[in-house]
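Dear colleague,

Please read them with the model open beside you.

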Protein chains: 2
Amino acid sequence: MADAQTRFGIIGCADIARKVSRAILLSPSSTLAAVASRSLEKAKAFAAENGLPDSVRVYGSYEQLLDDPCVDAVYMPLPTGLHLHWAVAAARKKKHLLLEKPPALDVSELDLILEACESGGVQFMDGSMWLHHPRTAKMKEMISDPHLFGRVNNIYSTSTISRPEDFFEANIRVKPDLDGLGALGDLGWYCIGSILWATGYRLPDTVLALPDVTKNSNGVILSCSASLNWSSDKADTKTAIFHCSFLSHESMDLAVSGSMGSLHVNDYIIPFEESSAVFEFVSGAKFAHLHIGWNKKPDVVEVSSDLPQEALMVEEFSRLVEGIRSSGGRPDGKWPEISRKTQIVMDAVRKSIELGCKPVTLHP
Amino acid sequence: MADAQTRFGIIGCADIARKVSRAILLSPSSTLAAVASRSLEKAKAFAAENGLPDSVRVYGSYEQLLDDPCVDAVYMPLPTGLHLHWAVAAARKKKHLLLEKPPALDVSELDLILEACESGGVQFMDGSMWLHHPRTAKMKEMISDPHLFGRVNNIYSTSTISRPEDFFEANIRVKPDLDGLGALGDLGWYCIGSILWATGYRLPDTVLALPDVTKNSNGVILSCSASLNWSSDKADTKTAIFHCSFLSHESMDLAVSGSMGSLHVNDYIIPFEESSAVFEFVSGAKFAHLHIGWNKKPDVVEVSSDLPQEALMVEEFSRLVEGIRSSGGRPDGKWPEISRKTQIVMDAVRKSIELGCKPVTLHP
């Protein structure tokens, strides 16, 4: 396998890079070739703190890493406001691109990144790790079974993290020029992604931000909710609601309600534990005799995982990269499409907020 | 105890009356004195099918039961459209009133009922059984602890039942003249009630129906959602969302999100089992090392119950009735107030739907 390993460079030493550098080292299909920060000292400190092997080259500029011919792919956890510049630069240097979410400030930016990847013939994937957990595939299988679940009618998704007061004005994730999408970009990305995942990536017909928007003094979103509606196909209407917030205790709930079953998971983004994860599923539940109980309780479905989900993400990305490198194949269009649809809905939520919570119609 | 038992009459032999007649017989503080239907045959059949004791008198008209001097209180599971007439008639006959939910078609009707109860000096309570389960009290205790839970920020509540196709046009619960509130009245009542419960019965400032309303050909609601917002107290803003539907698989999820904790329960209206019920609670959860897991999982809190929740409701109602009967006390204002606030919010949701999903401001 060693000769088929994807050689990763990491651009930016954000907290999340610690997790993904570990994942790259855990994944049999990849190796960590280099890390770059804006200064050599920071890059060296990152390598030391994370016990990176001596073989990992450290760079004091992003350009240097992109010029390294022994780097096949870059993982880029930069602030969203810097993605356009550096993602396009990476694609032009023919580096495959694993880009932290949200991939861009809006879909027009994302399209420039995707076009650069297309032109460069490189694979694009955003850093939505939960999509790669085997639990996610198992949940999808069960909600897709028409005999078990019927039709998906309603989806509810949350992503909340309680941040300290000093975060709201000062942290990078709420700086208009760095991560101007605030909680919507950082957390709402997961909510929107999980909703689209549950619908088989059908774009909603309308998106409506709810009136509970909270912003900081710079106008960056700290908390918001939205309602998504699929109404054009009368035989398959759906509705979804999400809530994302820096103001509430940690939560990541996903509830999918079908005509014949329901699914609940309360740790869909980051499983409580690495080695196995559960969800609750029930089909055909009814109230029992005199409505004094239920005929059945939800089953707890457990799915174990040999590797953490971020390493599985790296595995999948590396598999696609090696397919391109070894046989001259084309990049897989599935991952860019997922990112693009998620970004389209995120744009619509933001537009609805800007319009004072008016509905925004999507024309796919 | 026997001489202090509240003697119940049941007016209307709906399905739910089977459950509540059992509860009245189970409750040590009450006894079942009489049942009435619109025909003597139906009343007799109800008594026989449910194995009621021979001591239970059967009446072929509601008036006869209300004229029975040995009936202290009536339980009234009539269609909502008939509540105003019969609830007022019962109160005028000095019968204490346990009225099935929703208690009225709107708050102006409910106020006439409450005024009649007030004039008659009789206790009023609506049939929201889940409020009487000891689990509900335990959940309230835990979300009210500022050190454990912080501030309640966000509430999500569902009540859905999958009904067969032929239900949507023909069933009594979707007949404009009988239960014209449809899913909003039958199921949304619980959602609104649970949200108000979680906020300590603070009325929201605004109510907004979401655009996912589904109606039958008579205009009766089969499915809807709404967003409730508390924004006037800047130091204690809250938001809540509910979804009620006859179109989805059975669900009754309640998720309360605080600044320091979260609570989840997926059977809040009717516990999976009679004898004990659980909820999940966690406080101070954080992502663990490198965000590869959590520092703690939610605790599963189990609360056992000696009597089913509907019998505990009958117990509480009978306790209040006996307080009035034995010592000439006044009716307890807590239960009418809970019903009235729930009805006010339900009216606002309906108004928002009628306005095409425009926000409705409440002026308490």
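A:Asp67 is partly exposed, with a relative accessible area of 46%, and A:Lys93, at 41%, is partly exposed as well. Please keep in mind that this is a predicted model. The side chains of A:Asp67 and A:Lys93 meet in a salt bridge, with 2.7 Å from N to O. Because A:Asp67 sits in the loop between α3 (62–66) and β4 (73–76) of chain A, while A:Lys93 sits in the loop between α4 (83–92) and β5 (96–99) of that chain, the pair ties together parts that are 26 residues apart in sequence.

A second salt bridge joins B:Glu273 to A:Lys297, whose closest N and O atoms are 3.3 Å apart. This pair crosses between chains, running from the loop between β13 (261–265) and β14 (276–283) of chain B, where B:Glu273 is found, to the loop between β14 (276–283) and β15 (299–304) of chain A, which holds A:Lys297. B:Glu273 is partly exposed, at 36% relative accessible area, and A:Lys297 also counts as partly exposed, at 45%.

Within chain B, B:Lys341 and B:Glu337 form a salt bridge in which the closest N and O atoms are 2.9 Å apart. These two residues are separated by about one helical turn, because they lie four residues apart in helix α12 (residues 334–354). B:Lys341 is buried, with a relative accessible area of 18%, whereas B:Glu337 is partly exposed, at 42%.

Finally, A:Arg7, A:Asp72, A:Glu322 and A:Arg325 are linked in a network of salt bridges, and the count over all chains comes to 38 salt bridges.

Key. Residues are numbered from 1 along each chain as its sequence is written. Chains are lettered from A and ligands numbered from 1 in the order in which they are written. This is a predicted model: local features need pLDDT of at least 70, side-chain atom pairs count only at pLDDT 80 or more; totals for chains, interfaces and linings use all residues. Side-chain values use heavy atoms; hydrogens and water are left out. A salt bridge is a side-chain nitrogen of Lys or Arg within 4 Å of a carboxyl oxygen of Asp or Glu. Buried means under 20% relative accessible area, exposed over 50%, partly exposed in between (1.4 Å probe, protein chains only).
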